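Visitor: I am new to this structure. Could you show me around?

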Amino acid sequence: MKVIANHSSASFVQKITQSSPDDTSELIKKVLEGLPFKAISVLEKGYGITRREIAEALLVSPALMGRREKSGRLSPSESDRALRLAATLDKSVVMMNGDRKAAATWMRSPRDALGGESPLMHLQTEIGAREVEDLISRIQHGVFF
């Protein structure tokens, strides 16, 4: 297992998993074990939002979020959604040519192409995540309709 340093140039996936985003089997293992609760703080800072907003994006009640904080670990399903949030934020950073602040702002802002919903909240489901990834790809390739 290759451990990645937690520095500002690391991807959000690297920061929450301490693994390479390209090591799929290691990412699956980490998700199934449950990511450490500190992944929530990384996502809060990355997106520039509150814990309550992260909880909403992860489909977790504030009470359950408190229990996860005490236990120090997310469940596998919560970890999977957290990884989705991190991976999509990484893709939006690439779309914004490395500007993390612009990427986070874009992810939090309502988009007509997503029915007026923000990409962040669209990530609550796998099908919504695919739609956000498709939108990012279309923007990167200059395909608008």
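Guide: Buried means a relative accessible area under 20%, and exposed means over 50%. Keep in mind that this is a predicted model.

Visitor: Is Q18 buried or exposed?
Guide: Q18 lies in the loop between α1 (12-17) and α2 (24-33). Its relative accessible area is 18%. The cut-off for buried is under 20%. Therefore Q18 is buried.

Visitor: Which backbone oxygen does the side chain of Q18 reach?
Guide: The distance is 3.3 Å. A polar contact needs N or O atoms within 3.5 Å. The oxygen belongs to K15.

Visitor: What does L58 touch, leaving out residues up to four places away in sequence?
Guide: Contact here means heavy atoms within 4.5 Å. L58 touches I40, M65, E78, R81, A82 and L85.

Visitor: At what angle do α3 and α6 pack?
Guide: Helix α3 covers residues 38-47. Its axis and that of α6 are 11 Å apart. The crossing is left-handed. The angle is about 35 degrees.

Visitor: How many residues of the contact of α3 with α6 are nonpolar?
Guide: From α3 come L43, G46 and Y47. From α6 come A82, L85, A86 and L89. One residue of the contact is polar and none is charged. The nonpolar ones number six.

Conventions
Residues are numbered from 1 along each chain as its sequence is written. This is a predicted model: local features need pLDDT of at least 70, side-chain atom pairs count only at pLDDT 80 or more; totals for chains, interfaces and linings use all residues. Side-chain values use heavy atoms; hydrogens and water are left out. Helices (H or I, at least four residues) and strands (E, at least two) are DSSP runs, numbered from the N terminus. Buried means under 20% relative accessible area, exposed over 50%, partly exposed in between (1.4 Å probe, protein chains only). A polar contact is a pair of N or O atoms within 3.5 Å; within protein, one must be able to donate a hydrogen and the other to accept it, and residues adjacent in sequence count only if both atoms are side-chain atoms. Axes are lines fitted to C-alpha atoms, for helices over the stretch in contact, and angles run from 0 to 180 degrees between N-to-C directions. A crossing is left-handed if the near helix is turned anticlockwise from the far one by less than a right angle, and right-handed if clockwise. Ala, Val, Leu, Ile, Met, Phe, Trp, Tyr, Cys and Pro count as nonpolar, Asp, Glu, Lys and Arg as charged, and the others, Gly among them, as polar.
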